Every structure is written in structure tokens, then in C-alpha cells.
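I opened this structure to look up a few things and keep short notes. The entries follow in the order I made them.

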Amino acid sequence: MTMKHALTRFLVLCTATLSLREVQATDEKREAMLPPATPVTETLCDTTITDPYRALEKLSDPDVDRWMRSEAARAREVLDGLPRREELLTKMREFDSRRKEQVYNLVISESNRYFYLKRQPGEEVGQLFWRDGFEGAETLLFDPREYAKESGADYVVSRVSPAHDGSKAAVAISADGSENSVLLVLDVETGKAFPEKIDRCRFASPSWLADNETFLYNRMRQGNLLDPKVQMDSRVLLHRVGTEPSEDRLVFSRSTHPDLQIRPEDIPGIAYDKDSGYLFGFVRNVDRRLQVYYAPAAELDNERISWTPLLEPEDNVHDFAVTNSELYLYTPEGAPNFRILQTSLFEPDLDHAVTVVDEDPDAVLTGFGVTSEGMYYTRSRNGVAAELYHAQLDGSDAKRLELPFPAGMIRLQDRGFRHPELWAVIGGWANDYRRYRYDAEKGEFVLETLSSPADYPEYENLVIRELMVRSHDGTKVPLSLIYREGLERDGRNPLLFYGYGAYGRSMSPFFNPSMLLWTHYGGILAVAHVRGGGELGDQWHLDGMKTTKENTWKDLISLAEWVTKKGYSSPEHIAATSASAGGILIGRAMTERPDLFAAMITQVGAMNPLRGEETPNGPVNVPEFGTVKDSLECRALIDMDPYLNLRKGVPYPATLVTAGINDPRVIAWQPAKFAARLQASTSSENPVLFQVDYQAGHGIGNTRTRQFESLADLLTFALWQTR
């Protein structure tokens, strides 16, 4: 299997019954409740910065908490009062009921034992099941609803790591979206848990050794998950099943290997590869370029592992796979659309590595897997049309495989180079996900989807247009438009932009029947493949990060201008949304061109990136956004900061800002500061709502109801303002 860098790895036509006048009146009554501006002025990179709401960064302050809870209550009252919100929720639940069983997060052990989460209609979270092979009988292993029931928290299974023989499984669970995982070890046959409970395991990524009794995992330091220092200096430990975590042996950290110059914010991890017998030590952050060391597994018997450098960031390798003797490298070096190289695992020589899969100038190589039947790899054209290929391990006899249906995305899964299985999960904008096993001997795809089938006749007549639109600098940007057949280009259609533009992550076609309700009720869903993503290769990412980040929001602005020019919609009917790092995309598009949008929705968005390094998850994100310690990157951070670019007296569009109080990725005060300054700055009569969820975090691990409610909020708010 490949060693991924991650390793730890949205409606309706309606008229508002809640009048704008009523919202305004509510606003007038609460002017005195706005947090007082207590400006902090400082000079960074020769630029004077005024931060009027720095005080909101102290979430524990009773006045800050009082204001945030008041804002959350007001937002909830307004959103709940919007028309057809309940109709949307009812439709989402009805969609959910069509599928008897939904299976996700499948992991397959070397012994071909399946572990997966399954949720049935009406259930809030998935339960953990296992079976022997695809045809095996299903057995319940763990029900998170029963864990710590008395606490009242909503627990979810966030990760499952089975032993090689499938006899045991390390299961990470977390509560209320905090991602503050506790690691349990379960005996698969009996379903009983071993006595140990290992906390502080957000980045654990357990990797089992050959004995199926011990595993390596990452553990964070003690402290509040929102403490700015809590992610610093995490460590890799060796745990033996049945023993106390306090007895675990420290094997890899900044302190054990000072010669490797691991930074405090870096996240160390070790993956054991049974086929090759090697340990692979990762030093991770958001940089896609790997930093990896390796050593024979026998090194664990020594007091200290003697690591040999395998990959440095300068090598520009984003993923790799091994056999018992060969090393396969996935890299954009000299090939922006990526290629695969091969070299010896024992004596790797990257300078003389052989190209086994060359770059395609017209398609991006998006992933690969190695099996006993050869190599499989995927390509994507403009990020929206996926292809699957099969070749020998030396790259010979390469051929494109005919898929069961045209795919917008393909995700591969295999069991390693000693096994023949290759599975491909295939989907698209209007095609539900299906999982197939490829039989290389027969050249056939065999349907092996675990989830129950469901039909959505509402979407049988969707029009999907894949376009290339010139941006501000002449660069062509992919744009996906999805709408019902017969739609007229009269400039009056509600149009919802959805984009991201960070970390080199592509907005690949996905199937979400609830989000597609926007089209069912007459709107256009527009997916903006802006720079900062990976749709057009590595350079597409590089052209939308750090000092080039402005391309990300300028691409969205150009797309909004284009859909207006072509009559698809017009500014008074256009909304845009994103989440997390996509907060920069939405926030800066609205601060630079507020006239282009009727509504903007940011969900748990990074709205104050200049202050990112003062948050728990900020330092590890420096490779993507930059640091205040570098003058050029500091100026870029100021330029990309939505909060800092708000201006008094500007008529900003209607805005919905959300935050999760347990969010360890984007701390809640970032969206809070943006919402407060926007409320104080805008000269328009458009509503600015700040919705805080006190039982959620970054959206990861949300219950079914929270997922539906969050999406219904987004869609009803957008339609309220675009009709």
C-alpha cells in the first residue's frame, strides 16, 4: 500500500417569512451587546496592524463567552425561523431512509478481515462491524453510543487500525467533534476491550508490528486541546496490548533524535511495513513533500533507533510505496502533473531512479497502488474526469481500463504487493459511489459495494457543464456547473459557489443528494476549482499558497463575473460558501468585491490567518500559508486575512459565520473576530449571523442530525438572500 503523507489520514425556492425589517429591528436592540472594540496596534513586517477585537481571543473570558452565546442564540432564532428549512430537513431525512445501510471508513487487514462503520436510517453515528472477506458474516464489534453514556457526549469512532491478522483492533473514539481521541484496544473475536484506555491520541495513527501484540502510535502532551502549545512536541511510543500506557516506551521524538532537527510543531509518526520489514519514520506537517527516515524493524530492540534518511522535502516526493526490494515514488519533480519513479529500497538513488509512469501533459496523475498483479494508477483531467490504468511494475504494458461508468473521481484501495486485490471506489456529481474489485485475470470489474443501493430520481435530468474560464491574469480556471435541464439563462437563477483552494486538495466530483437539493429547487451549483487546489497539478497548488494566495480569491471573483456575463446568474442572486481554510477564499472575495455576492457563508473558517501561529493548529500550517517571521510571507498573510481587510462603511453582503467551540483546527475566536468586525463595519442592511455550536468542533465526527442541520442552515440562508 502507499504511504500517504497524511498517514494520520451543500435549497429551495422560497420567500422569507421573517422579514428583513424584523432582523434589522433585532439588530438595533442589540447594538449595546456588540463586543467593545479595544484596538491593539502593532507593527509587523513594516506594516501597522490594528486589531480591534483581539480581546475575543480569550475564550475563557466571561464577557466573551456571554457575547458568543448571545450571538449563537440570535443566529439560531433567525435560522430556525427561515421558511422551508424544516422542509429541507424532512427531505434530507427521507433521502437518508432510502438507503437501508450506509457503510463507510472501510479498512481491510492483511488477513482480508473487513472493518467498517455502518449506520442505518435514523441512527446518529456509525457502529463498528467486522467480517471475514466481502462475503463474510457481519459481527458488531463496538457501539460508540454505549461508551460513556452517562456523560451525555456524542462519541464517534474516528479511526480503526486492525492488527495484521485481524485478531485485534485499535479503535480511536472522540466526543462532540473535539478530535481529542481516546484509543481503545478490542479483541475482535470476543468483542471485549483490553483494560487500557490511551488518551491524547488525536494523531495516533497506530501501526501494528508483526507479532500482532504491539503497535506504535503518536501521543500528544497533556493539556487543553485549545491550548496554543498542546500540539507541540508530540511523541511516538511503543505499546504492548494489555499493559498500562504509562509503561509505553518512547521511541521517536524531538528529544530522542535531536540530530534530525524535528521542530516542536512537527508531528512524528512511524509506520511498520510487514512486507519489507522496515520501519518508516515520518516527520509531518501540512507540507505535501515528505520527510521520511527508515530502519530495519529489528532496530526497535535497540535503545535508540538508528534512522537512515530516505526522503527529504527537497526531493519533492508526495507519496511512495514499497515491495520487498523496490521503492516507488510519486513526485511532481520535473513533472508538474506527476510521475512515478522506481529505485532500490536498499540503496535508493533518486538521481538515477527509473521513470515507470511518465507525466501526461494533459492529465494529472492522482494516485497509485502496487499489487501482485502489477501497478494501478489514476489520472484526472481538469480535476473532474477520472481514468484508471494498469501496468506491470516496471511500467510496461500500460493500458487504460474501461470503467463501469464514466467517473468523476476514483479512490484506490489494495492490500499490498503480495496480494492481487485492487478496489476502486467510483463516483461523480450525479452518480452515487460504487466500490468495485478489479479482476485482472478476467479483465472485469466486480461490484463489491457494502452500502445498500438507493435511487434518486430527482437528479435524473441534471445538466453538468465542465468549463474553463479565464481568470484575472488570463489563466484558465475549471468551473463545474450543475443544474436541472431546461434552466434559462435570464440572470435570475440562484447560484451557489462552492470552493476551497488550499493544500493542493482537488474539488473532485462528489455525490451528495442533500446538497443537490439546491438544483432540485431550481438553483445552479457551481464548483470553483480555484488555485491552491490540485486540479491542474502541483503548480496549481503552488500558484495559490503563501505569496501567491491572492489567486485563490481572485479566481472566484473572475468566475462570479463570468457567470454574470453569461446570464447564468447576477450578483443579487449569487452566494458562495466554503469551510476551514476555504474561509480565506470566501472572506477575501467578499472583502475585495462585496458587490458581486448576495450572500457568503463561512463554516469554521480561517478568518484571521495572520494570528494563526497563536493557535494550536497554526504552526503546523506554516508551510501552506506562511509565517510572520518572514517579511514576504508576513505581508502575504496580511493580504489574505479576511478580518484585517474589512473596512468601515462598506456595504457587505449577507453573511453567515459558523464556529465550533471544540474546534482544534480553526479555533473559535477566528470566526468570532471576523463576525464582530463585520457587524461593526458593514453599511448595508444585510444580516450578519454568527452561529456557534457548543457540542461540535471542525465538523469532523458530527452526528447525522448535526450534518443535516448545518447543511440546511447553509442552504436556507443562501436561498433567503438570493431569491
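In which sense do β15 and strand β16 pair, and over how many bridges? I noted first that this is a predicted model. I then looked up the pairing: β15 and β16 (residues 278-284) run antiparallel and are joined over seven bridges. Across from A271 I found F280 of β16. The hairpin of these two strands has four residues between them, and there G277 takes a positive phi near 80°.

Next I checked burial along β15. Strand β15 covers residues 267-273, and seven of the seven are buried, so the strand is largely enclosed by the rest of the structure. I267, G269, A271 and D273 point one way, while P268, I270 and Y272 point the other way.

Then I turned to the cysteines. How many disulfides does a search of the whole structure find? The search gives one. The partners are C45 and C634, with sulfur atoms 2.5 Å apart. I read -65° about the S-S bond, which makes the link of C45 and C634 left-handed. C45 sits in the loop between β1 (40-44) and β2 (47-51), and C634 in helix α9 (residues 631-640), so the pair ties together parts 589 residues apart in sequence.

How values were computed: Residues are numbered from 1 along each chain as its sequence is written. This is a predicted model: local features need pLDDT of at least 70, side-chain atom pairs count only at pLDDT 80 or more; totals for chains, interfaces and linings use all residues. Side-chain values use heavy atoms; hydrogens and water are left out. A disulfide is a pair of cysteine sulfur atoms within 2.5 Å. Buried means under 20% relative accessible area, exposed over 50%, partly exposed in between (1.4 Å probe, protein chains only). Two strands pair if DSSP finds at least two bridges between them.
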